[in-house]
Amino acid sequence: MLDKKLRKKLSIVYVVLLAATGIFISLALKREPLKVREKESAKTEIEVKPVKVQLEIEGGPTYAPSREEIETENVATVADFLNKLRNDTNFSFEKTAYTYGTEIDHINGRYPQENKRWAIFLGEKDITYEIGKINLKDDQVYTAKIIRTSKPQ
């Protein structure tokens with residue numbers, strides 16, 4: 001089958017591989033075990049505390065619940081606050097969640113006209129698409145306005 005020269009060469013290669021494997025195993029066993037370090041958490045712990053926030057509706061009422069009426073905490077999001085208002089007061093709204101963020105369909109039964117939409121502002125910044133991500137801060141005033149979605153033609 002195999003000639004003698006090839007068989008001899010394969011035997012030598014086999015012996016060399018066997019020796020190399022033995023040396024590798026002995027060196028691996030002599031090595032110090034790896035020290036496992038746990039990575040420190042990058043998140044800072046947030047102190048949970050009650051907050052007082054307001055929601056002003058353009059052309060409508062202002063919702064400024066006291067701390068006793070509606071318990072709201074700084075770990076809650078703006079969306080959580082709106083849901084809490086909907087459950088505990090006469091405030092109503094509907095929203096639609098998309099992959100890019102949230103859109104508000106109506107507030108207190110008021111639907112925006114064509115080429116307009118409801119927007120939630122914190123100061124001058126439109127935070128509508130991120131209301132599920134932004135946490136509440138004490139003494140913040142959120143404003144709901146109907147704004148134009150595109151330029152008039």
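## First stop: Thr 77

Select Thr 77, which counts as buried at 11% relative accessibility. Buried here means under 20% relative accessible area, exposed means over 50%, and partly exposed is in between (1.4 Å probe, protein chains only). Before going on, please note that this is a predicted model, in which local features need pLDDT of at least 70 and side-chain atom pairs count only at pLDDT 80 or more, while totals for chains, interfaces and linings use all residues. Residues are numbered from 1 along each chain as its sequence is written, and side-chain values use heavy atoms, with hydrogens and water left out.

Thr 77 sits in the loop between strand E2 (62–63) and H2. Helices (H or I, at least four residues) and strands (E, at least two) are DSSP runs, numbered from the N terminus. Which residues touch Thr 77, leaving aside its neighbours within four places in sequence? Show Ile 131, Gly 132, Lys 133, Ile 134, Asn 135 and Leu 136: Thr 77 is in contact with each of these, where contact means heavy atoms within 4.5 Å.

Now select helix H2, residues 78–88. Lys 84 and Asp 88 both belong to H2, four residues apart, about one turn of the helix. Their side chains meet in a salt bridge at 3.6 Å, N to O; the term stands for a side-chain nitrogen of Lys or Arg within 4 Å of a carboxyl oxygen of Asp or Glu. Colour both by accessibility: Asp 88 is partly exposed at 41%, and Lys 84 is partly exposed at 32%.

By this rule the count comes to three salt bridges. For another one, pick Arg 86 and Glu 94, whose side chains meet at 3.8 Å, N to O. Glu 94 has a relative accessible area of 40% and is partly exposed; Arg 86, at 29%, is partly exposed as well.

Then go to Arg 117 and Asp 126, where the closest N and O atoms of the salt bridge are 2.5 Å apart.

## The E3–E4 hairpin

Select strand E3 (residues 93–98) together with E4: the two run antiparallel and are joined by six bridges. Two strands pair if DSSP finds at least two bridges between them. The hairpin connects E3 to E4 through two residues. Strand E4 (residues 101–107) has five of its seven residues buried, so the rest of the structure largely encloses it.

## A nonpolar patch

Switch to a surface view and select Leu 2, Leu 6 and Leu 10, which make a nonpolar surface patch of about 260 Å². Leu 10 lies in helix H1 (residues 4–30) and is partly exposed, with a relative accessible area of 45%.

## Zooming out

Finally, show the whole protein. It has two helices and seven strands, and along the sequence they follow the pattern α-β-β-α-β-β-β-β-β. Of its 153 residues, 23% are buried. Among contacts with a separation of 6 or more, 53% come from residues 24 or more positions apart.

Technical notes:
Patches are made of residues with over 30% relative accessible area and no salt bridge: like charges are joined within 9 Å, nonpolar side chains (Val, Leu, Ile, Met, Phe, Trp, Tyr) within 5 Å. Accessible areas come from the Shrake-Rupley method with a 1.4 Å probe; for residues, only the protein chains shown count as cover.
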